[in-house]
Amino acid sequence: PYHQSPVSTHLSQKKASTDPHTMAAMATTASSLLKTSFSGVRLPAAARTPSCVATPRAGAICNSISSSTPPYDLNAFKFSPIKESIVSREMTRRYMTDMITYADTDVVIVGAGSAGLSCAYELSKDPSISIAIIEQSVSPGGGAWLGGQLFSAMVVRKPAHLFLDELNIEYDEQEDYVVIKHAALFTSTVMSRLLARPNVKLFNAVAVEDLIVKENRVAGVVTNWALVSMNHDTQSCMDPNVMEAKVVVSSCGHDGPFGATGVKRLQDIGMIQAVPGMKALDMNTAEDAIVRLTREVVPGMIVTGMEVAEIDGAPRMGPTFGAMMISGQKAAHLALKALGRPNGIDGTLKNVTPALHPEMILAATNNGDIVDA
């Protein structure tokens, strides 16, 4: 459980005393404040020199000041000179180079929510695979910046916590689940690890307007700037661009303004019969089902995350996130299999074990309540 600090959060309203006993108590208070209220363990920190300042109003304010100083003069700081045109050229050249590079890529992931990011992270471990992530929002992460009902904490049911261990994310461990103190800690961590890899490019503020389909196989996506997509009704024709891919992973989330767009488009063009939508909430059924039903729904297109519930009529899972992570991992291994690369689905990845990849356990479960697509 979360550990409460034994020290009162209210400062004394009396004038601070300077006797040794009072000062010793203040030092104890300052020491305990260096502990995180989340895990109860001392936070790693640089060497600090405590400084206690007595004030009539607050009694005593104890500050921890780092002994290190920045390697420059903060009172007379000056940046190196640059021409404005250089800034423009650097951004434009690099972005256009990325567009040229990823115009024909191995895997396109549509949607950078928790499932899409987890999929891309797992895929990127194979350095031979090029991965483009398309996200309509300026800010990737989808609904994973917060828990349920705008609360901060993220609940992850075991054994999906093993993915958090891999990412070295701290959590509060309970018997059957763990709690991350803020959902943004997961999202920012997986995103930073992912985007640092050389075989990944995130195209945010870019919308997927359609699919490329050749001989009844999904072969890529049709893209446009997100703001253009939102204004087709207000302007004259603004044609899109294209991005070919060997595999498309659709992780657009559940139905909503931008949700389930991949499977809804498959229905529009007759590649699947129906998109029945999610059933009512049932966490225990939903999370196993989402992972188990993560699959290649039509040739060339894998569906992962909450979009799976839309196509299969599976229950919604509510504010738990383990299925998003493991569904994304499973989608990554399905994509690796489709590309003929070592993967954890057909056993060609020798170091894959249930302990390292719990999606192998969850994907094997069976539930007869799920409606066939």
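Analyst: The protein has eleven helices and 13 strands. Both are DSSP runs numbered from the N terminus: helices are H or I with at least four residues, strands are E with at least two. This is a predicted model, in which local features need pLDDT of at least 70, side-chain atom pairs count only at pLDDT 80 or more, and totals for chains, interfaces and linings use all residues. Residues are numbered from 1 along each chain as its sequence is written, and side-chain values use heavy atoms, with hydrogens and water left out.

Take the chain as a whole. Of its 373 residues, 40% count as buried (buried is under 20% relative accessible area, exposed over 50%, partly exposed in between; 1.4 Å probe, protein chains only). Carbon and sulfur atoms hold 56% of the accessible surface, which comes to about 20400 Å² (Shrake-Rupley method, 1.4 Å probe; for residues, only the protein chains shown count as cover).

Now the pairing. Two strands pair if DSSP finds at least two bridges between them. Look at β8, which spans residues 200–204. Four of its five residues are buried, so the strand is mostly covered. Its parallel partner is β4, residues 131–135, and five bridges join the two.

Next, turn to an open sheet of three strands. Its order is β5-β7-β6, and the pairing is antiparallel. The edges are β5 (154–157) and β6 (172–173), each pairing on one side only. Strand β7 covers residues 177–180. It runs antiparallel to β5, with four bridges between them. Find Arg-157 in the model, then Tyr-177: this tyrosine, in β7, is the bridge partner of that arginine.

Last, step off the strands and into the loops. Phe-79 sits in the loop between β2 (59–66) and α2 (84–101). With a relative accessible area of 67%, Phe-79 is exposed. Another loop runs between α6 (226–229) and β11 (241–250), and Cys-237 is found there. Cys-237 is exposed, at a relative accessible area of 67%. An unreviewed UniProt entry lists Cys-237 under "modified residue: 2,3-didehydroalanine (Cys)". UniProt positions follow the numbering used here, feature names are shortened, and annotations may be inferred rather than shown by experiment.

To recap the two pairings: β4 and β8 run parallel, whereas β5 and β7 run antiparallel.
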